[in-house]
Amino acid sequence: MTWISICTGKSGFAASSTAEDVTKGVDGTGLTAIVTGATSGIGLETTRVLALRGVHVIMPVRNLESGKKVKESIVEKIPNAKLDVMELDISSMQSVRQFASQYRSKGYPLNILILNAGIMTPPFSLSKDNIELQFATNHVGNFLLTNLLLDTMKKTVKESGKEGRIVILSSEIHRMTYKEGIRFDKINDEKSYCAFSAYGQSKLANALHAKELTRRFQEEGVKITANAVHPGVIATNLARNGGFNAVFYGIFNRFLKNIPQGAATTCYVALHPQVKGVSGQYFADSNLSKASNYAQDPELANKLWDFSLRLTNSK
């Protein structure tokens with residue numbers, strides 16, 4: 001038995017709503033989406049439900065064989081599902097650039113970009129690009145991928161006349177970052193590294209990314225929205241590093257969402273007509289929510305953008 005709220009918010013949905021619930025009656029035919037982290041957990045459920053609603057879903061995966069097996073498992077139950085598997089390691093800038101180049105060369109349009117892939121509270125380590133692994137995986141890779149695909153998304157918006165949507169997976173743990181918010185001068189500081197705070201820092205970066213993208217889209221007059229979402233507390237492979245996570249999930253197991261419930265907010269923000277034109281916001285339980293003060297700071301968002309540009313342009 002779990003204790004998930006069934007009280008609906010203004011959207012008409014609640015924490016107990018599933019991804020299928022929030023997309024019921026929505027026709028995604030003709031739309032193309034990228035869903036990172038599509039082989040397990042809420043990424044897999046997001047992929048399945050978007051495919052169920054008629055969306056052509058591109059699945060970027062680290063392991064092509066695993067990705068193909070997941071694709072086959074979805075197609076077995078949804079014979080008309082349009083799915084394509086491509087290789088991507090979001091923690092590697094070289095891999096991100098290669099993926100984006102291949103995507104563009106295939107001529108795919110892009111209506112929806114769902115940045116779902118991530119890691120949670122591993123021991124300190126550096127990515128292939130010498131950036132703290134959580135920050136590299138959860139933010140820098142997403143930032144670079146988005147920038148490399150923006151022209152494709154803008155072209156799709158212009159040609160289709162349909163709004164583009166970017167959905168970035170954040171977390172309520174964005175409130176539990178380091179006291180400085182983003183430690184620009186200590187991103188790689190192993191001595192003061194706290195796995196949980198570093199995770200919070202990366203999730204704060206996700207919310208700030210959506211905020212700054214929105215400012216730039218509005219300034220440019222582009223019909224693309226960018227929002228951050230908190231999926232809820234879910235027992236998925238994200239928590240496989242044990243330690244604090246194992247204790248936390250053990251104690252609060254009754255309050256955890258299941259995977260269909262965890263994918264709901266992502267699918268709601270990606271597809272639902274209620275969200276048309278809404279941008280730079282933070283969603284939880286398929287409803288608008290309020291992010292932390294740090295997450296709403298436009299100066300911090302702009303500073304993070306410039307910092308991320310330097311990181312990605314230097315590699």
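Hi everyone! Let's start with two helices: H6 and H10 are roughly perpendicular to each other, because angles of 65 to 115 degrees count as such. Their axes come within 9 Å and cross at roughly 95°. H6 spans 195-220, and H10 covers residues 298-313.

Before going on, this is a predicted model, where local features need pLDDT of at least 70, side-chain atom pairs count only at pLDDT 80 or more, and totals for chains, interfaces and linings use all residues. Residues are numbered from 1 along each chain as its sequence is written, and side-chain values use heavy atoms, with hydrogens and water left out.

Back to our helices. Contact means heavy atoms within 4.5 Å. On the H6 side the contact includes Ala205, Leu208 and His209, and on the H10 side Leu304 and Trp305 are among the residues. By class, this contact has eight nonpolar, two polar and five charged residues.

Now, which residues does alanine 228 touch, leaving aside its neighbours within four places in sequence? They are Ile168, Ser170, Asn206, Ala207, Ala210, Gln281, Tyr282 and Phe283. Alanine 228 sits in strand S6. At 1% relative accessibility, alanine 228 counts as buried (under 20% relative accessible area).

The lining has 25 residues in total, and Lys162, Glu163, Arg165, Lys276 and Gly277 lie nearest the centre of the pocket. By class, the lining has nine nonpolar, 10 polar and six charged residues.

Terms used
On a 1 Å grid over the protein atoms alone, a cavity is a set of points where a 1.4 Å probe fits but cannot get out, and a pocket is an open set with protein on both sides within 12 Å along at least five of seven lines; lining residues have an atom within 4 Å of a point. Helices (H or I, at least four residues) and strands (E, at least two) are DSSP runs, numbered from the N terminus. Ala, Val, Leu, Ile, Met, Phe, Trp, Tyr, Cys and Pro count as nonpolar, Asp, Glu, Lys and Arg as charged, and the others, Gly among them, as polar. Axes are lines fitted to C-alpha atoms, for helices over the stretch in contact, and angles run from 0 to 180 degrees between N-to-C directions. Angles under 35 degrees count as roughly parallel, over 145 as roughly antiparallel, 65 to 115 as roughly perpendicular and the rest as oblique. Buried means under 20% relative accessible area, exposed over 50%, partly exposed in between (1.4 Å probe, protein chains only).
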